[in-house]
Amino acid sequence: MKHSMAVPRPFTPHHLYLLRITLGLFFVLLSQVSGASNDTSYYHLASMGIKPNTGLDVTAALNRLIVKIKTERRPGRPVAIIFEPGRYDFFPEKAIRKPLYISNHDQTNPKTIGLLFENMDHLLINGNGADWMFHGRMLPLAVENCRRFSVKNVHIDFDKPQICQVEIISNDTINKAITFKTAPWVQYEIRDSVFYNKGEDWELNPTSGIAFEKNTRHIVYNTGDLRVPLRNVAEISPGVVKAGGWDNKKLLPGVILAMRSWQRPAPGIFLDQCKDVAFENVAVHYAEGMGLLAQVSENITLDHFNVALRGTEDLRYFTTQADATHFSGCKGEIKSVGGLYEGMMDDAINIHGTYLKVIGRKGPNTLIAQYMHSQSYGFKWGDPGDQVQFIASKTMEVTGEKNSIRSIAAVDKPGFFGAKQFEIVFTQQLDAAVLNEEQLGIENLTWTPEVYFAHNTIRNNRARGALFSTPKKTVIEHNFFDHTSGSAILLCGDCNGWFETGACRSVLIRNNRFVNSLTNMFQFTNAIISIYPEIPELSRQRKYFHSGIRIENNVFETFDKPLVYAKSVDGLVFRNNKIKTNREYPGFHWNRYPFLFERVINYKFLRNHFDGSFDREKDVKVKNL
């Protein structure tokens with residue numbers, strides 16, 4: 001298996017120059033600690049006895065080194081930890097175990113952590129291309145309350161992923177039985193006719209699967225999430241298993257199937273309450289949750305950050321169990337530039353805050369509010385001085401006047417850690433609209449970021465390409481969305497299910513290329529670009545949720561009809577785009593309109609080029625309720 005990191009396409013010198021300028025203080029730090037600075041403390045691991053390619057567990061030694069650095073360093077002095085190239089193995093037996101509440105993950109505790117950095121600043125980790133190989137169920141890298149923290153030139157991977165990859169050998173559609181062959185690294189056991197995928201400290205009975213074309217690595221057309229019945233199986237020979245009661249005509253011989261559960265205990269990289277963090281030339285090849293999850297953090301830059309396979313000869317077809325990157329309740333600037341995101345079981349990027357649901361009222365300026373989703377609670381939601389607004393859950397309309405937090409305290413825990421409920425005292429008296437609303441959510445407007453997502457490749461993944469939910473400026477440009485399976489871009493918002501904020505106010509989608517999105521159906525995938533806030537009572541809505549959306553100078557290469565779906569939008573421009581049709585797949589989507597709008601006003605179509613016919617009367621469907 002090759003260890004070279006795949007990069008979708010290199011920047012020109014001009015692109016690199018502009019990027020370095022925009023990264024600002026992130027790469028000021030990198031230049032300080034990676035250059036010949038006399039003020040930097042260097043820790044070369046090889047000279048300290050921590051060497052690659054030994055097969056020995058380095059977990060305890062590296063965490064002792066982190067403690068040593070914290071005790072030895074002078075405040076504010078840069079520190080560089082330097083790895084030699086090669087493989088470093090991390091095992092759970094001597095790892096740190098610590099409770100962590102991680103947004104959009106299973107709240108199972110404690111977590112088993114490979115490397116833990118807490119309360120540190122001015123720190124660079126340079127892997128020099130090192131492979132960090134993890135065993136069992138672990139959270140590889142956790143970073144809490146750190147400032148000016150940078151990682152570069154590192155691969156993060158697991159020796160035995162919890163996804164069980166198999167190849168279909170035969171499909172007996174008459175007797176409803178499928179025979180498959182497991183990938184070389186897969187360990188399994190059959191007990192009482194039930195198939196279990198096994199690792200060092202875990203076992204799983206897969207229940208769902210994603211099918212990949214063997215040669216192209218695209219997700220098989222019109223398959224989506226597949227039921228995987230593995231409770232009536234028998235071993236034919238070592239590595240070859242026959243599963244009875246399995247009826248699926250689309251699983252032809254040669255199809256590669258990634259069989260999995262829906263568990264997501266931990267991401268590959270976890271950032272909590274950090275500021276000014278940068279990752280450069282870092283690859284996550286597998287994690288049982290997100291590739292990177294950042295919560296309540298400020299200013300994060302991903303420069304050629306990949307959630308990707310190990311190149312064209314990699315035997316795997318999958319990467320992470322969920323999103324490649326995910327940002328919950330962050331602020332400042334989030335930048336993802338030059339990355340490759342492929343084979344993940346969810347989106348390349350998802351940026352949002354979290355609505356709290358109001359469950360009680362105490363006086364004229366005090367509310368009791370609660371985290372609602374079972375995978376999103378236990379971390380800090382806001383600070384005194386933060387600006388908030390209130391959302392009527394049924395119509396997703398802003399109600400009442402904006403306010404700010406005077407004080408916030410956990411109700412069900414001593415502090416924010418692990419808490420679900422909060423008592424929030426506001427600086428101004430709550431108006432009648434807020435006090436009388438039956439179902440009400442609170443959105444923290446201070447903890448919302450600007451976003452720059454550019455020059456990335458997103459391909460061969462489940463569900464959707466990129467999700468954005470922030471009121472601040474969002475630029476999505478020069479990306480290649482290649483067979484994203486579901487929608488390429490989703491602008492969402494939901495105060496009823498996932499409780500993920502919020503409305504977008506300034507979105508620029510330009511100079512992107514979209515190739516054969518929507519080969520499968522998943523949640524919210526109504527078009528290649530799907531603007532889909534969840535609004536239970538849209539007919540009662542009087543205001544509009546999203547606004548200020550521009551889609552321009554893009555190329556859409558598609559086999560089907562839907563281009564843009566939009567719901568509850570004031571201001572949408574579709575300009576100077578090229579639409580090319582092909583016959584690579586038969587059209588199947590239920591949406592037969594290139595443009596399907598529900599409660600959309602102030603929209604414009606300007607100077608677009610369709611290689612086929614375009615009739616505005618027939619191809620634009622507007623439902624203004």
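This is a conversation about how to read a predicted model, feature by feature.

Biologist: Before we start, what should I know about how this predicted model was handled?

Modeller: Local features need pLDDT of at least 70, side-chain atom pairs count only at pLDDT 80 or more, and totals for chains, interfaces and linings use all residues. Residues are numbered from 1 along each chain as its sequence is written, and side-chain values use heavy atoms, with hydrogens and water left out.

Biologist: How many helices and strands does the chain have?

Modeller: The chain has five helices and 49 strands. Helices (H or I, at least four residues) and strands (E, at least two) are DSSP runs, numbered from the N terminus. The radius of gyration is 25 Å, close to the 25 Å that the globule rule gives for 625 residues, so the chain is as compact as a globular protein of that length. That radius is taken over C-alpha atoms, and the globule rule is 2.2 Å times the number of residues to the power 0.38. Along the principal axes, the C-alpha atoms fill a box of roughly 65 × 65 × 55 Å.

Biologist: What share of the residues counts as buried?

Modeller: Of the 625 residues, 61% count as buried. Buried means under 20% relative accessible area, exposed over 50%, and partly exposed in between (1.4 Å probe, protein chains only). As for contacts (heavy atoms within 4.5 Å), among those between residues at least 6 apart in sequence, 74% join residues at least 24 apart.

Biologist: Let's take a helix. How do I read which way its residues point?

Modeller: An α-helix has 3.6 residues a turn, so residues three or four places apart point the same way. Here, look at α3: Thr59, Leu62, Asn63, Leu65, Ile66 and Ile69 are buried. Seen down the axis of α3, its buried residues fall within an arc of 150°, so they line one face of the helix. The arc is that of the directions from the helix axis to the C-beta atoms. Exposed residues Arg64 and Thr71 sit on the face of α3 turned away from its buried side.

Biologist: What covers the buried residues of α3?

Modeller: The cover includes β1 (41-44), β2 (79-82), β3 (87-90), β4 (96-98) and β5 (111-118).

Biologist: And how do I check the length of α3?

Modeller: The expected span of a helix is 1.5 Å times one less than its number of residues. For the 14 residues of α3 (residues 59-72) that should be 20 Å, and the end C-alpha atoms are 20 Å apart, which agrees.

Biologist: Now strands. What holds them side by side?

Modeller: Strands of a sheet pair through backbone hydrogen bonds, either parallel or antiparallel. Two strands count as paired if DSSP finds at least two bridges between them. Strand β19 (residues 269-272) is joined by four bridges to β7 (residues 139-144), and the two run parallel. Four bridges also join β19 to β21 (residues 292-295), again parallel. Asp272 in β19 stands opposite Glu144, and its bridge partner in β21 is Gln295.

Biologist: Which residues of β19 lie on each of its faces?

Modeller: In a regular strand the side chains alternate between the two faces of the sheet. In β19, Ile269 and Leu271 are on one side, with Phe270 and Asp272 on the other; all are buried, and both faces are covered.

Biologist: What is the order of strands in the open sheet of seven?

Modeller: The order is β15-β14-β18-β9-β10-β17-β16, with antiparallel pairing. The edge strands, β15 (226-227) and β16 (233-237), each pair on one side only. Inside that order, β9 (residues 164-172) and β10 (residues 177-182) pair over six bridges in the antiparallel sense, and Asn171 stands opposite Ile178 in β10.

Biologist: Is Asp276 buried or exposed?

Modeller: At 8% relative accessibility, Asp276 counts as buried. Asp276 is found in strand β20 (residues 275-284) and has a positive phi of about 60° although it is not a glycine. Ser193 also has a positive phi, of about 70°, without being a glycine. Ser193 lies in the loop between β11 (187-191) and β12 (194-198), and at 33% relative accessibility it counts as partly exposed.
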